[in-house]
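Please keep the sequence and the structure in view while reading.

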Amino acid sequence: MKVGIIGVGTVGASVANILRDNKDIITERSGCEIEPAIGVVSNLNKKRDVTIELTDDIDAVLNDDSIDIIVELMGGIEKPYEIVKKALVKGKAVVTANKALLAYHRYELQDLAGDTPFEYEAAVAGGIPIINALRDGLTANHIQSIRGIMNGTCNYMLTKMINEGVDYDTILSESQELGYAEADPTFDVGGFDAAHKLLILGSIAYDIDAKPEDILIEGIQDIAPEDIDFANEFNYTIKLLTIAKKIDKKVELRVHPAFISKDEMIAKVDGVMNGVSVIGDKVGETMYYGAGAGGDATASAVIANIVDIARRGKGSPMLGFELDNSEDLTLMSKDEIQTKYYLRFRVEDKAGVLAKIATILGEQNISIEKMIQKPLNKTCANLLLATHTSLEKDVVDALKKIEQAGAVTAKPVMIRIED
Ligand SMILES: NC(=O)c1ccc[n+]([C@@H]2O[C@H](COP(=O)([O-])OP(=O)(O)OC[C@H]3O[C@@H](n4cnc5c(N)ncnc54)[C@H](OP(=O)(O)O)[C@@H]3O)[C@@H](O)[C@H]2O)c1
């Protein structure tokens, strides 16, 4: 079976090299020889550590009838969308690691693929076989919830901030120097990368056809040392969590930093590692842990898809986005989310301020579970509090009203608590 690799960068180079280096076991496990026949790059002059033949002519590879599988590893959205469509129309199987492509076009591509294999294991949590677990291993279950730590950059930064007291700006620069964060880190620290992965999982588990703009996405940029201190004081850690949760006939899909109990398994996923906890109605909680990025780890998942296609052969239907649709679930709106909240208010340290804030919270049906006041200087203090379970809309409205009432000297910060 011949493979054309579109994009021979970090992941593509590893795919080509592992297919070469582990050829013996891959051939044995596939039942046929898998040949990395050609790779496509944009700059043929770039020095790279691969032996695969290279070209910059994508169409020549797509039009080559001897190529059975197109592996899309170039990144982006619209350009790979066109390439994958062309490959599928030509009847070529496709493997991709591209979560951004799938976040926007997974349903169109599934329709187009029909019986042609179209696989994407590496698009979510890199080397962790979470797609396989959800589609196959947990297929007997109604999925009650999925909670993931699926952005290694954010997890590395938060781990350093919490364990070593490093501030956000310092750890962001360090992450950029180490190559963990991009020069423009928004995609990672803003929660968008994790959201793309969540949307894919949300489709497999619940058949929810949502786009990034339909769901709640918040990043880690506003987390300050006082939030970490408060979390520590009450046995919480802070993680950028991706949450997919079924509540009656609605599905919550959200990405945001969250306080979670230090005793939970997922709270122990530190550094650049990824972790995903899935609760099924029959199996209970299962937990998946591993490298969410990196050339070889991601290539491991890409090659698993290639081997699977080689084993099944062409003509097998793609599995995935329609397993649970008999439940007729719909996406819960952001306003309807209910959880506990941690709130941080910077206030003038004078009589009446606390009463004003407490009154507005009370009027919005928000009751306070814990509260601490920490002086910042002679005139200002931080008021830190945790609420009982409240409605997102009520909390958002309350924060607006508190700002409008002039009760605070800076924009209030809210972090959701996932007990
Ligand atoms: N890196 C990871 O750890 C990781 C983990 C999970 C998923 N992914 C996903 O895997 C995909 C690839 O990521 P990566 O990190 O390997 O990216 P990368 O290192 O930037 O590699 C991209 C490759 O695509 C080629 N390319 C880009 N645009 C092209 C064009 N218009 N025509 C021809 N070739 C083009 C580049 O060519 P040049 O080499 O000539 O520039 C390069 O070889 C992305 O969708 C990413 O989200 C990556």
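In this predicted model, the count of cavities of 30 Å³ or more comes to 2. The largest cavity has a volume of about 40 Å³, and its lining is made up of Asp 214, Ile 215, Leu 216, Val 251, Glu 252, Leu 253, Leu 331, Met 332, Ser 333, Lys 334 and Ile 337.

The ligand, for its part, sits in the largest pocket. There are 23 residues around the ligand, and those that come nearest are Val 11, Asn 43, Lys 46, Arg 48 and Gly 294. Sorted by class, the shell around the ligand holds 10 nonpolar, 9 polar and 4 charged residues.

| Residue | Backbone atom | Distance to a ligand oxygen atom |
|---|---|---|
| Val 8 | N or O | 3.0 Å |
| Thr 10 | N or O | 2.9 Å |
| Asn 43 | polar backbone atom | 2.7 Å |

Taken alone, the ligand exposes 890 Å², and the protein buries 75% of that area.

As for the overall layout, the domain assignment of the protein chain gives domain 1 as 2-128 + 295-319, domain 2 as 133-291 and domain 3 as 334-418. Between domain 1 and domain 3, the C-alpha centres lie 49 Å apart.

Key: Residues are numbered from 1 along each chain as its sequence is written. This is a predicted model: local features need pLDDT of at least 70, side-chain atom pairs count only at pLDDT 80 or more; totals for chains, interfaces and linings use all residues. Side-chain values use heavy atoms; hydrogens and water are left out. Domain bounds come from an automatic or database domain assignment. A residue is near a molecule or strand if one of its heavy atoms lies within 4 Å of it. A polar contact is a pair of N or O atoms within 3.5 Å; within protein, one must be able to donate a hydrogen and the other to accept it, and residues adjacent in sequence count only if both atoms are side-chain atoms. Accessible areas come from the Shrake-Rupley method with a 1.4 Å probe; for residues, only the protein chains shown count as cover. On a 1 Å grid over the protein atoms alone, a cavity is a set of points where a 1.4 Å probe fits but cannot get out, and a pocket is an open set with protein on both sides within 12 Å along at least five of seven lines; lining residues have an atom within 4 Å of a point. A molecule sits in a cavity or pocket if more than half of its atoms lie within 2 Å of its grid points. Ala, Val, Leu, Ile, Met, Phe, Trp, Tyr, Cys and Pro count as nonpolar, Asp, Glu, Lys and Arg as charged, and the others, Gly among them, as polar. Grid points are joined across faces, edges and corners, and a volume is the space filled by probe spheres set on the points.
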